[in-house]
Amino acid sequence: MFHFINVGTHFDQESSVFVAPRRGVYSFNFHVVKAYNRQTIQVNLMVNGWPMISAFAGDQDVTREAATNAGLVILEKGDKAYLRLEKGNLMGGWKFSTFSGFLVFPL
């Protein structure tokens with residue numbers, strides 16, 4: 001059986017929002033799969049409502065294509081990080097998508 005790791009419970013599984021427990025440099029990565037050919041998907045890593053990192057998948061001849069990205073972000077205590085689908089449809093909703101992050105080092 002697969003279990004999600006949520007050390008410190010700073011990721012709210014109901015809202016899919018990570019709340020930074022302290023100021024620091026965080027690493028985030030995400031992977032989403034589009035549902036239909038002839039469409040483009042765009043997904044953003046949002047921090048407090050602002051897009052920080054984007055990923056696109058737009059091959060018109062491919063039904064299932066992944067949009068993937070990763071990056072380092074400085075967060076303050078209480079900042080909220082989450083994914084927002086800006087364009088397109090995901091295969092199975094968010095079921096086949098991943099979103100992970102961790103504190104690289106505190107500031």
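## Ground rules

The model is predicted, so local features need pLDDT of at least 70, side-chain atom pairs count only at pLDDT 80 or more, and totals for chains, interfaces and linings use all residues. Residues are numbered from 1 along each chain as its sequence is written, and side-chain values use heavy atoms, with hydrogens and water left out.

## The sheet

Strands here are DSSP E runs of at least two residues, numbered from the N terminus, and two of them pair if DSSP finds at least two bridges between them. With that in hand, there's an open sheet of 5 strands in the order β1-β2-β7-β4-β5, paired antiparallel. β1 (11-12) and β5 (50-57) sit at the edges with a single partner strand each, so one side of each has no neighbour in the sheet.

Further in, β4 (residues 41-47) and β7 (residues 80-87) run antiparallel and are joined by 6 bridges. Asn 44 has Arg 84 as its bridge partner in β7.

## The core

A nonpolar core is a set of buried Ala, Val, Leu, Ile, Met, Phe, Trp, Tyr and Cys residues joined through side-chain atoms within 4.5 Å. Buried means under 20% relative accessible area, exposed over 50%, and partly exposed in between (1.4 Å probe, protein chains only). The largest such core has 19 residues, and Phe 18, Phe 28, Phe 30, Leu 45, Val 73 and Leu 75 have the most contacts inside it. Two or more residues come from each of β3 (24-33), β4, β5, β6 (66-75) and β7.

Take Leu 75: beyond its neighbours within four places in sequence, its contacts (heavy atoms within 4.5 Å) include Phe 18, Phe 28, Val 47 and Arg 23.

## Salt bridges

A salt bridge needs a side-chain nitrogen of Lys or Arg within 4 Å of a carboxyl oxygen of Asp or Glu. The whole structure has 2 of them. In one, the closest N and O atoms of Arg 23 and Glu 76 are 2.9 Å apart. That pair links distant parts of the chain, 53 residues apart: Arg 23 lies in the loop between β2 (17-19) and β3, Glu 76 in the loop between β6 and β7.

Arg 84 and Glu 86 also form a salt bridge, at 4.0 Å from N to O. Arg 84 is partly exposed at 36% relative accessibility, as is Glu 86 at 38%.

Asp 79 lies in the loop between β6 and β7. This residue is buried without a salt bridge, and the nearest side chain of opposite charge (Lys and Arg count as positive, Asp and Glu as negative; His and the chain ends are not counted) is Arg 23, 8.1 Å away.

Conventions. Helix = DSSP H or I, 4+ residues; strand = E, 2+ residues; numbered from the N terminus.
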